Amino acid sequence: TTATTTTTTKKKLANLLSRKKKAKETQQRSTIATTESKILLLGAGMSGKSTFYKHSAVLFGSAHLDEAKRLRLLAQNLVTATRTIAKVAEDLHFILPDSIKEKIEHLATINLDEAYEKCVALLKTILADQSIQHAYERLLVDGKLAPSFLATHTQYAISRLDVVLGKDYVASTLDLLYWRVRTTGIAEIQLNQPEIGNFRPVLTGGQRSERRKLDTYVR
């Protein structure tokens with residue numbers, strides 16, 4: 001009987017402590033909610049939401065990518081830049097060797113997580129082609145050949161090619177801002193700025209299917 005009473009008392013005490021802990025956590029969340037401003041970043045795809053989000057992280061928080069994510073993001077951006085230039089070459093009716101066309105098509109099939117070095121080798125070969133280089137030169141001087149954001153992104157990616165492909169490369173702040181990545185789902189980061197206080201930018205993709213996810217978040 002004594003053992004049963006002791007066990008019951010321990011359970012009651014444990015339940016009491018658990019309730020107190022939950023109540024404290026709820027109170028903390030409530031306090032944060034009343035002192036924190038949420039900024040919903042809304043807009044169509046490529047409207048600059050991710051850039052604003054990354055700028056906020058750089059200025060008021062921390063922007064960091066681990067090695068695996070850095071390499072994948074780097075490869076994705078260089079592939080996009082290369083395919084943009086190839087599309088310009090095609091639109092201008094430049095003659096591309098069949099071997100270069102095959103390599104460009106092959107870029108879309110590479111698993112960047114498993115074949116980063118292979119991707120880099122393909123990129124170097126493609127970008128060394130004379131027709132591709134001429135197309136890139138035309139892209140820089142003719143704003144009608146590609147949307148402005150894509151032309152700017154391509155120019156930055158190519159201008160950093162020798163640096164970012166080096167073994168000792170570490171992503172700079174500008175790299176984090178310029179490298180493009182499609183936003184899927186909802187991303188948010190808690191930041192603090194003395195003159196503003198606590199605020200939390202909330203980012204979602206610009207595609208309609210991604211914007212629908214905000215309904216659940218807001219509710």
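Select Asp129 to start: it caps the N-terminal end of helix 6, with a side-chain oxygen 3.0 Å from the backbone nitrogen of Ser131. A polar contact here is a pair of N or O atoms within 3.5 Å; within protein, one must be able to donate a hydrogen and the other to accept it, and residues adjacent in sequence count only if both atoms are side-chain atoms. This is a predicted model: local features need pLDDT of at least 70, side-chain atom pairs count only at pLDDT 80 or more, and totals for chains, interfaces and linings use all residues. Residues are numbered from 1 along each chain as its sequence is written, and side-chain values use heavy atoms, with hydrogens and water left out.

**Helix 6**

Next, select residues 130–141, which make up helix 6. Helices are DSSP runs (H or I, at least four residues), as are strands (E, at least two), numbered from the N terminus.

Now colour Ser131, Ile132, Ala135, Tyr136 and Leu139, which are buried. Buried means under 20% relative accessible area, exposed over 50%, partly exposed in between (1.4 Å probe, protein chains only). Look down the axis of helix 6: its buried residues fall within an arc of 140°, so they line one face of the helix. The arc is that of the directions from the helix axis to the C-beta atoms. On the other side of helix 6, find Gln130 and Val141, both exposed.

**Salt bridges**

How many salt bridges does the structure hold? There are two. Each is a side-chain nitrogen of Lys or Arg within 4 Å of a carboxyl oxygen of Asp or Glu.

Go to Lys87 and Asp91, whose closest N and O atoms are 2.9 Å apart. The two residues are four apart in helix 3 (residues 67–91), about one helical turn. Lys87 is partly exposed at 44% relative accessibility. Asp91 is partly exposed too, at 39%.

Then select Glu188 and Arg200, whose side chains meet in a salt bridge (3.4 Å, N to O). Glu188 lies in strand 2 (residues 186–188) and Arg200 in strand 4 (residues 197–204), so the pair ties together parts twelve residues apart in sequence. Glu188 is partly exposed, at 34% relative accessible area. Arg200 is buried, at 16%.

**Last stop**

Finish on Leu17, in helix 1 (residues 2–35). Leu17 counts as exposed, at 51% relative accessibility.

Notes
Expected span 1.5 Å × (residues − 1).
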